[in-house]
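Here are some notes to keep beside you as you look around this structure for the first time. Take the points in any order you like.

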Amino acid sequence: MATPFPSDAWIKALKDRLNHTAAYAEAAKNWEGDLYFQVDYAARAPALLYVDLWHGHCRDAFAVTETETAPKAAFRLSASMENFIKVLKRELDPIQAMVTGKIKVQGNMVMMMKNIPAVLEFVRTAQQIETEFLV
Amino acid sequence: MTIDLTSGRTATISLEPALLRRYLGGSALSAALLYPRLTRDLDPLGPDNPLLILNGPLSGTAGPSVGRFTVCAKSPATGLWAESNCGGFFGPELRFAGYEGLLILGKAPSPAYLWIHHDHVELRPAEHLWGQADTYLTQEKIRVEVGERLARVLGIGAGGERLIPFSLLLCDHGRVAGRTGMGAVMGSKNLKAVAVRGTRKIPIAREVEFNRLRSAANLELRNSTTSTVFREMGSANGSEYFDFMGEMPKRYFTRGVFEGAERVSGAVMTETLLTGVSTCHACVIACGRKVKLPGEAEGKGPEYETIVGFGPQLLVDDLAAITRLGRSCDAYGLDTISMSNVIGLAYLLYSEGKLTAAQAGGPLEWGDPSGAERLIHFTVRREGLGEILAQGARALGRHCGVEEAAVQVNNLEVAYHDPRASSGMALAYATSPRGACHNQSDYFMVDLWKDTSYSGGELQDPRAGAEKSADVALHQDWRTVHNALVQCFFASVPLETTLNLVNAVTGFDYLLDELRQVGERAWNLKRAINHRLGLSRANDTLPKALLTPYAEGGSAGLVPDFPAMLLAYYAARGWDEATGRPTRATLQRLGLGEVADDVWRTD
C-alpha cells in the first residue's frame, strides 16, 4: 500500500528502510547530522519532515507539527512539492537538483560534499518507498 | 602588439570588426591569426614559432569569472596546435595597458624580459634571473626592478628555460597556463617573463547595459550551489563524488578503488590545511586555495588535478606531501598534470619491474611521495632518467619498451577525469585539438555534475555511447566560445546570460546559435591547422589503459564504446569518416572556404 508524502508515516517508513539498507549504512558510515526536508507549496505553509542520521543509522524521524518546538537541525533541504515528486520518481537527478538550486541546501556544504555517496544512497532508498503524493 | 625579440622592433596590429565577430578573441581568434604561420616544418622551439598571448572581449571586465587570457603557439609537446589559458590578473592588466594581446616572434640574443607600461615597451636583460629565480621570485624581482609593485608578471621557471615540453607560464599566486608546453616556447625565445602595468579603461560597447547585466550575473553566480562548493572546497570539491562514481583514476589509471582517496579531498583540505581563499580578477567564486603546512609559510593549495595526480594516482594519501609536490612543480614551472602522469607511469613501471631503482635513483614505492619529489628534481635538471622524463610519458614508456603503457593522446598526458565513468570524456580527450585535455570539453560536468545547460536540459547517462556524440560536439563548441571570451569554465551562468554580456560588450548582437557557431568555426579551424601539422584520423584515439575496464569501484567493468562514438562524432561534426578531416561542405557552411582549399588540396 502506498504511503502518503509528505507525512509522518512516510518519513517513518524511510527510517525503517534506511535502517535495513546495507548500502546506505556503508555509504553513510561517516555521516553525522540531522536534517529537515522542507516541502514548499505555492498556496500554503511548507511541510517539514525531520530525520536524525548518525553513522549510517537513522535514529529518529517524524513530521513536524509544531515548528516552534521543533529541534534545530544541521541541514535543511527545501524544494517545491513538484521537485520532490520528480526526485522521488527518478525524473530529476538529485545531484542536478542540488546543483541547479531546485533543491536548496542549507548547512555545512563541506560535510555534504564529503558524503555525496551517502546522499545518493539516501535518495535511492527513499525512491524505493511506494509513495502516494499529496498534491 | 607584435614584438620581434630578434630585432627588438614592435608594431601594432589592427583587427577588423568582421574578424572579431567571426572569432571573438582568446584561442579562437588566435587560431585565425596564427593559421598562416603554423606549418609542418615549423620548429616549435625555433625562433619562428609565434607565441601569442591574447585576451578576449570579456577579459578584464567585471563580468562573471572573466579574468582569463590565452597563450597559443605550435606545441613542443604535441607538434600540433597549442593553447592554454590562465587566470590571475595578468590578462586584465595587459588590457589596462592598452593591448588585447602580444604576438611574440623571434628570439632575444640573450635572456630578457619584456616590460610594458602603457606605451612604454622595453626589453630588459634577464641573465641575473635565468637559472636563478623560480616563477615566484621572478615576479618579485621584476616588480622591484621596474619600480611598480602593482605590475603583473607572467614568467617561466627552470622548466621553460630548459625547454621541457610540459613547462608552463605562471603569474600571480600560482595561476598557470599549464598545458602544451608554452613555458618551453617562451624559454626558446630567451624570454624569462612579460611584466605589464596599465590603468586604461577596457572598451565596452554598451556600458550601462553591461554593468546591469554583469551585476545580476555575478549575484546569481555567487549564490549558486556550484560556486558555493567551489568557494568552500576549491576545484576538488567533487572528489568524493568522482571517487564514488569511479571517475577518479588511481594507481596510474589501473585501479578503481583507493581507500586513502577520502583523505585527500577538497573537503578534507578545508577541514585541515586551509587558511584562506584566493581569486582571479573580479571573480566572485574564489576557488583558489591558501594552505599552511606545519613549519612553512602560507602558500598555494593544490587543485583537483594536482591532488589526484600526486595523490590517488600514486596511492599517496598525504595532503601536505601532495601540496609540496604541487608547489615544487609551480616553482619550477612544470605542468602538474603532465609531470604527475610521467611520475605515475614511472611508479607503475617500477612496480612491474620494467624500471629499476638504479635507473630511478631509488625506489618508487606506491604510497611514498619521496620518489615523486626526486623525479621532479631529476626532470627539471634533465639528470639521469630525468632526460627521458622531461620528454613526457610516451618517451618514458618507449624507453622501457612499453610505449602503449603511457596514458596520453598525441603526447599530451591525460587529465584525471576517467572516460570509464564519464564516457563523454572519451571523445573529449581523443578529439581535442591540443591532445588529451579536459579544458576543451569538461564533459564530466555534464555526465556526472548534471550540467544540462548545453544539451537542452536533457540528462545524459554517464556511460552512454554513440548517442551522446553530437552532444559532446555541441559542448565542445560552447567551451570553445568560453575559451574565446576568455571565461572560466567554473562560471556556471546560463548561456543566455553569457550571450547578453557578449552583446553588451561587443555590440555585435549575436543570436544564441550564431555565438555557438563561433565556437564551431574555431573548432574546425583548429582541426584544419592540425591537419596541416600532420594530424590524421589515426590520431583520434585513446590509450590502452582507458579502454581496459577496472576490476573494482564505481565504474567497474565499463569502457566507452569508443569506435562507435567516434563515427557518430564525425557524422555530427560533418567530418569525413575516412580521413577525419572537415568536409568541404562543413568548412564552407562555417565560412571557411579558403581553409577548405587548404585541407583538401592534396586530393
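Where in chain B is Val486(B) found? Val486(B) sits in the loop between helix H20 (469-485) and helix H21 (495-506) of chain B. Point 2 comes back to this residue.

1. A word on confidence before the details. Please remember that this is a predicted model. Chain B has an average pLDDT of 96, and 99% of the residues score at least 70. For the complex, the predictor gives an ipTM of 0.86 and a pTM of 0.95.

2. Pro6(A) belongs to the loop between strand E1 (3-5) and helix H1 (8-18) of chain A.

3. Now to the place where the chains meet. Here 13 residues of chain A are in contact with 19 residues of chain B. On the chain A side, helix H4 (94-99), helix H5 (109-114) and helix H6 (116-127) each supply at least two residues. By class, that side of chain A has nine nonpolar, two polar and two charged residues.

4. H8(B) is mostly covered, with seven of its nine residues buried; among them are Val229(B), Phe230(B), Arg231(B) and Glu232(B). The cover comes from both chains: it includes H4 and H5 of chain A, together with helix H7 (207-223), helix H10 (266-272) and strand E13 (274-278) of chain B. Just after H8(B), Gly234(B) takes a positive phi of about 70°.

5. The axes of H2 (residues 26-34) and H22 (residues 512-532) of chain B come within 9 Å and cross at roughly 45°, which makes H2(B) oblique to H22(B). The crossing is left-handed. In H2(B), Ala28(B), Ala31(B) and Ala32(B) meet Val518(B), Ala522(B), Leu525(B), Lys526(B) and Ile529(B) of H22(B). The residues of this contact comprise seven nonpolar, no polar and one charged.

6. For the second pair, the axes of H12 (residues 319-332) and H15 (residues 369-381) of chain B come within 10 Å and cross at roughly 5°. H12(B) and H15(B) are therefore roughly parallel to each other. Their contact involves, among others, Leu325(B) and Tyr332(B) of H12(B) and Ile376(B) and Val380(B) of H15(B). Its residues divide into eight nonpolar, one polar and one charged.

7. Two residues other than glycine have a positive phi. Arg251(B) has phi near 50° and lies in the loop between helix H9 (239-244) and H10 of chain B. Leu315(B) has phi of about 60° and lies in the loop between helix H11 (304-310) and H12 of chain B. Are these residues buried or partly exposed? Arg251(B) is partly exposed because it has 19 other C-beta atoms within 10 Å, whereas Leu315(B), with 21, is buried.

8. Finally, a residue in chain A. Lys86(A) is part of helix H3 (residues 81-88) and is partly exposed, with 19 other C-beta atoms within 10 Å. Leaving out residues up to four places away in sequence, Lys86(A) touches Glu91(A) and Leu92(A). Leu35(A) is 51 residues from Lys86(A) along the chain, and their C-alpha atoms are separated by 20 Å.

Definitions and conventions:
Residues are numbered from 1 along each chain as its sequence is written. Chains are lettered from A and ligands numbered from 1 in the order in which they are written. This is a predicted model: local features need pLDDT of at least 70, side-chain atom pairs count only at pLDDT 80 or more; totals for chains, interfaces and linings use all residues. Axes are lines fitted to C-alpha atoms, for helices over the stretch in contact, and angles run from 0 to 180 degrees between N-to-C directions. Helices (H or I, at least four residues) and strands (E, at least two) are DSSP runs, numbered from the N terminus. Angles under 35 degrees count as roughly parallel, over 145 as roughly antiparallel, 65 to 115 as roughly perpendicular and the rest as oblique. A crossing is left-handed if the near helix is turned anticlockwise from the far one by less than a right angle, and right-handed if clockwise. Two residues are in contact if their C-beta atoms, placed from the backbone, lie within 7 Å. Ala, Val, Leu, Ile, Met, Phe, Trp, Tyr, Cys and Pro count as nonpolar, Asp, Glu, Lys and Arg as charged, and the others, Gly among them, as polar. pLDDT is the predictor's confidence in each residue, from 0 to 100. A residue is buried if 20 or more other C-beta atoms lie within 10 Å of its own, exposed if 12 or fewer, and partly exposed in between; C-beta atoms are placed from the backbone.
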